[in-house]
Amino acid sequence: MTAPRSPERIEYERQYRADNHARILERAREYRTLNRDKVNQSIARTKSKNPKKYLDAIKDWQRRHPEKNAEYNRGYRERHPDRAKEAGQKWRAANPEKVRAGVARWRATPNGKAQNKRRWCLKRGLGGVSTKEIAGRFDLFGDVCAYCARRCSTFHMDHLVAVAIGGKHEAENLVPACQRCNLSKHKKPWRAWFRAQPFYSRKRERFIELVCSCT
Ligand SMILES: [Zn+2]
């Protein structure tokens, strides 16, 4: 039996660990590299003797290292695409409610909404626009409303020629609009509506004509 450590010794060791954190980690890494079999055996022992402890340790690590975990998962999927696909299918079959909730969460995001719209329009032959193209349209207008030039927190993607009156869901028919303009314009022909607004500007009308094919 080893003799119990004195309080001074305990304090000294605590201080040593605090002062040499990087060195200790480096040494542990070295040990694991040199003694891979021993380490694996020890992990396997814990896994069979105390599976809950083993799983908890993994979950704890995943919680503390979300980025490394995501990177590891990405690597795993690349190395074992078939296994990853199979595991995914199994998980989805076992968790239909979580899948539905996840899809609903994605659909509520701006990208999810854009993708929905794209699918809906592609199906009906109304064209399709990618989320990247939509981001490009925002850039083009410098993140202000195409009509009133207001900067606001939430923009709508406005179909310059409304889909209801024959406009296509294509990049050249999309302009960013503030909610007020988007709702006010609705299905009206854009030029007539724009010219009737107090913030009408000939310059902005020209710019819209320039960047939109379907005027
Ligand atoms: Zn506006």
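The model is a predicted one. Glutamate 8 sits in helix 1, which covers residues 7–19.

How far is glutamate 8 from phenylalanine 141? Their C-alpha atoms are separated by 69 Å. Along the chain, the two are 133 residues apart.

## Overall form

The protein chain holds twelve helices and two strands. Read from the N terminus, the order is α-α-α-α-α-α-α-α-α-β-β-α-α-α. The radius of gyration is 30 Å, whereas the globule rule gives 17 Å for 215 residues. The chain is therefore more spread out than a compact globule.

The C-alpha trace spans about 95 × 45 × 30 Å along its principal axes. Of the 215 residues, 10% count as buried. Among contacts with a separation of 6 or more, 55% come from residues 24 or more positions apart.

## Helix 3

Helix 3 takes in residues 36–49. Is this helix buried or in the open? Of its 14 residues, the number buried is zero, so helix 3 lies largely in the open.

At 1.5 Å a residue, helix 3 should span 20 Å. Its end C-alpha atoms are 20 Å apart, which agrees.

## The nonpolar core

In soluble globular proteins, nonpolar side chains tend to be buried together. Here, the largest nonpolar core has 14 residues. Those with the most contacts inside this core are Cys145, Ala146, Tyr147, Val175, Ala177, Cys178 and Cys181. Two elements give two or more residues to the core: strand 2 (174–178) and helix 11. Strand 2 gives the most, with four residues.

What does tyrosine 147 touch beyond its neighbours within four places in sequence? Its contacts are Ala177, Cys181, Phe194, Gln197, Phe199 and Arg204. Of these partners, Ala177 and Cys181 are also listed among the core residues with the most contacts.

## Confidence

The mean pLDDT of the protein chain is 89. A value of 70 or more is reached by 97% of its residues.

Where is confidence lowest, and where is it highest? The lowest mean, 76, belongs to helix 8 (residues 110–123). The highest, 95, belongs to helix 11 (residues 190–195).

How values were computed:
Residues numbered from 1 in each chain as written. Predicted model: local features only at pLDDT ≥ 70, side-chain atom pairs only at ≥ 80, totals over all residues. pLDDT = per-residue confidence, 0-100. Core = buried A, V, L, I, M, F, W, Y, C linked by C-beta atoms within 7 Å. Buried ≥ 20, exposed ≤ 12 C-beta atoms within 10 Å, placed from the backbone. Contact = placed C-beta atoms within 7 Å. Expected span 1.5 Å × (residues − 1). Rg over C-alpha atoms; globule rule 2.2 N^0.38 Å.
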